[in-house]
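The following paragraphs lead through one protein model, from its overall make-up to individual residues. Please keep the sequence and the structure in view while reading.

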Amino acid sequence: MVPLIDAAALASAESASDPAVVALDAACMESGFFRLSSAAVPCSLVEGALDAACGFFARPLEEKLRHCGSAATGWRGYTPMGGGHNCSPASRQPERKESFYWGEPDTDGDAAAPPAAELAALDAAARVFHASMLEATRAVLRGLSLAMGMAPSALEERVFTAPSAKVLLVAYDPVERSELSCGSHTDCGFLTMLCSRGGRGLQVRRRADGTWLDVDSAAAGGGAAASPTFVCNLGDLAARLSGGRYASTPHRVLNDSAERRVALVFFNNLDESAPCDVAVQEPGGGGGAAAAVREAGSKRRLTCGQYVAERLAEMRGGFAERANGESEEFAGEGAGAPR
């Protein structure tokens with residue numbers, strides 16, 4: 001079971017013993033996944049972003065191909081099905097998905113050109129969604145700071161002053177038995193927050209026995225004043241920053257329903273220039289105990305940006321090394337409640 005945590009309760013928490021912080025800490029240690037309800041993000045905003053995403057993916061392929069990402073755009077833009085964006089090196093054929101990557105323009109380059117007229121609605125919706133997710137992240141950072149024995153604002157002050165974050169819009173058409181929606185993988189960054197409409201498919205691998213748990217990722221809500229729900233998971237960067245305290249858990253997508261699944265995915269990779277090591281109060285050390293730096297994996301000093309870049313390179317290298325290796329088949333496995 002993936003617990004539901006109220007973002008407002010995290011935002012007002014003052015100690016590690018606060019019930020919301022305890023629940024967040026336990027979820028992040030046990031599975032790395034939790035659901036976040038945030039009244040600060042209007043349901044109408046999320047539904048508007050999902051409307052814009054669904055509208056874009058419903059367009060003819062030739063129209064979408066006019067907006068493909070490239071090196072010149074920092075890979076922002078559209079990637080068609082089979083466009084080389086498999087998530088798992090174990091996927092022996094293209095995963096059945098198409099996507100649109102939206103990110104803020106680089107601040108060290110020339111001013112970005114305005115979006116094409118036919119992308120104006122999509123750009124506006126993604127921009128508002130991106131800003132709202134940045135704010136929702138602050139509540140999670142406060143909870144994690146307290147859980148790790150630090151001041152409530154510690155993580156925000158150290159690694160969240162100019163975060164690198166993007167929105168990925170993804171459409172998963174129904175799969176056949178030999179097809180994959182999105183292969184098993186862990187996320188390279190710090191925090192992923194997502195919601196979806198239609199279809200089903202998100203599955204999380206249980207740490208205890210390796211079986212797959214179906215997770216409902218529908219945005220939920222019920223009107224303009226309702227609170228949407230986001231499925232959240234910690235990535236490899238969070239596992240390192242927490243000294244291995246928290247899990248970066250494999251997950252995948254299997255849309256074995258009869259309808260398309262469209263997802264809004266917010267990836268937060270923190271400040272690119274921030275050091276990838278955080279002082280953590282050792283458990284049981286008492287109020288006067290000195291903070292200790294605990295590192296997972298490599299002992300080299302890295303920034304968050306360098307760490308994510310290296311993890312991405314390793315991930316891509318794995319595709320080449322395992323091109324003729326094992327394959328992963330989803331269809332027929334773990335079908336359950338809509339997710």
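**Overall make-up**

The protein has eight helices and 14 strands, where helices (H or I, at least four residues) and strands (E, at least two) are DSSP runs numbered from the N terminus. The model is predicted, so that local features need pLDDT of at least 70 and side-chain atom pairs count only at pLDDT 80 or more, while totals for chains, interfaces and linings use all residues. Residues are numbered from 1 along each chain as its sequence is written, and side-chain values use heavy atoms, with hydrogens and water left out.

Of the 339 residues, 48% count as buried; buried means under 20% relative accessible area, exposed over 50%, and partly exposed in between (1.4 Å probe, protein chains only). The protein exposes about 14,700 Å², of which carbon and sulfur atoms supply 53%; these areas come from the Shrake-Rupley method with a 1.4 Å probe. Among contacts (heavy atoms within 4.5 Å) between residues at least 6 apart in sequence, 79% join residues at least 24 apart.

**A pair of helices**

Helix H3 (residues 43-57) and helix H5 (residues 120-147) have axes that come within 9 Å and cross at roughly 140 degrees. Such axes are lines fitted to C-alpha atoms, for helices over the stretch in contact, with angles running from 0 to 180 degrees between N-to-C directions. On the H3 side, Leu45, Val46, Gly48, Ala49, Ala52, Ala53 and Phe56 take part in the contact, and they meet Ala121, Leu122, Ala125, Val128, Phe129 and Ser132 in H5. The residues of this contact divide into eleven nonpolar, two polar and no charged. In this division Ala, Val, Leu, Ile, Met, Phe, Trp, Tyr, Cys and Pro count as nonpolar, Asp, Glu, Lys and Arg as charged, and the others, Gly among them, as polar.

Serine 257 lies in the loop between strand S11 (251-253) and strand S12 (261-271). Its relative accessible area is 18%, so serine 257 counts as buried. The side chain of serine 257 makes a polar contact with the side chain of asparagine 255 at 2.6 Å, and it also reaches the backbone oxygen of glutamate 259 at 3.1 Å. A polar contact is a pair of N or O atoms within 3.5 Å; within protein, one must be able to donate a hydrogen and the other to accept it, and residues adjacent in sequence count only if both atoms are side-chain atoms. Leaving aside neighbours within four places in sequence, serine 257 is in contact with Pro174, Gly199 and Arg200.

Within S12 itself, asparagine 268 is buried because its relative accessible area is 0%. Beyond its neighbours within four places in sequence, asparagine 268 contacts residues including Leu134, Thr137, Phe160 and Phe190. Leucine 270 is also found in S12, and its relative accessibility of 0% makes it buried. Most residues other than glycine have a negative phi. Leucine 270, although not a glycine, has a positive phi of about 65 degrees.

**Links across the sequence**

Leucine 213 is found in strand S9 (residues 212-214). Its C-alpha atom is separated by 9.2 Å from that of valine 2, 211 residues apart along the chain. Apart from neighbours within four places in sequence, leucine 213 is in contact with Met1, Val2, Leu202, Gln203, Val204 and Arg206.

Glutamate 310 lies in helix H8 (residues 304-321) and, with a relative accessible area of 30%, is partly exposed. The C-alpha atoms of glutamate 310 and cysteine 188, 122 residues apart along the chain, are separated by 9.1 Å.
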